[in-house]
Amino acid sequence: MKHAAEIATVRRGAGLLDAGVVLARLDRRHPSSGKIQDLFDRGRSGQLSLFISVVNLAEVLQHSRIYTEATGLDPVALL
């Protein structure tokens, strides 16, 4: 898994998310969990606009399918 600094490319108030950051967001035990939470908090507060490509979103949906079925958490709603 990538380090938090490699997961999102942040420039000029916008962040491009890799699928790994969204998948890591689902696992609070991930070593970069705090940095990832901060990234999402900044997006939620309007300090940063976060984006994800269609390809990365498809990867998130594919890799989180079993987790989604078990917990009912929708990764798209999380984003």
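Predicted model: local features only at pLDDT ≥ 70, side-chain atom pairs only at ≥ 80, totals over all residues.
Residues are numbered from 1 along each chain as its sequence is written, and side-chain values use heavy atoms, with hydrogens and water left out.

Strand β2 spans residues 14-17, where strands (E, at least two residues) and helices (H or I, at least four residues) are DSSP runs numbered from the N terminus. In a regular strand the side chains alternate between the two faces of the sheet. In β2, G15 and L17 form the covered face, while A14 and L16 form the uncovered one. Strand β3 (residues 49-52) pairs with β2 in the parallel sense over 4 bridges, pairing being assigned if DSSP finds at least two bridges between two strands, and S49 of β3 is the bridge partner of A14.

The count of salt bridges (a side-chain nitrogen of Lys or Arg within 4 Å of a carboxyl oxygen of Asp or Glu) comes to 3. One of them joins D27 to R29, with the closest N and O atoms 3.0 Å apart; R29 is exposed at 73% relative accessibility, and D27 is partly exposed at 26% (buried means under 20% relative accessible area, exposed over 50%, partly exposed in between, with a 1.4 Å probe and protein chains only). Within helix α3 (residues 33-44), D41 and R44 lie 3 residues apart, about one turn of the helix, and their closest N and O atoms are 2.4 Å apart. In helix α5 (residues 65-71), R65 and E69 are 4 residues apart, about one helical turn, and their side chains meet in a salt bridge at 3.6 Å, N to O.
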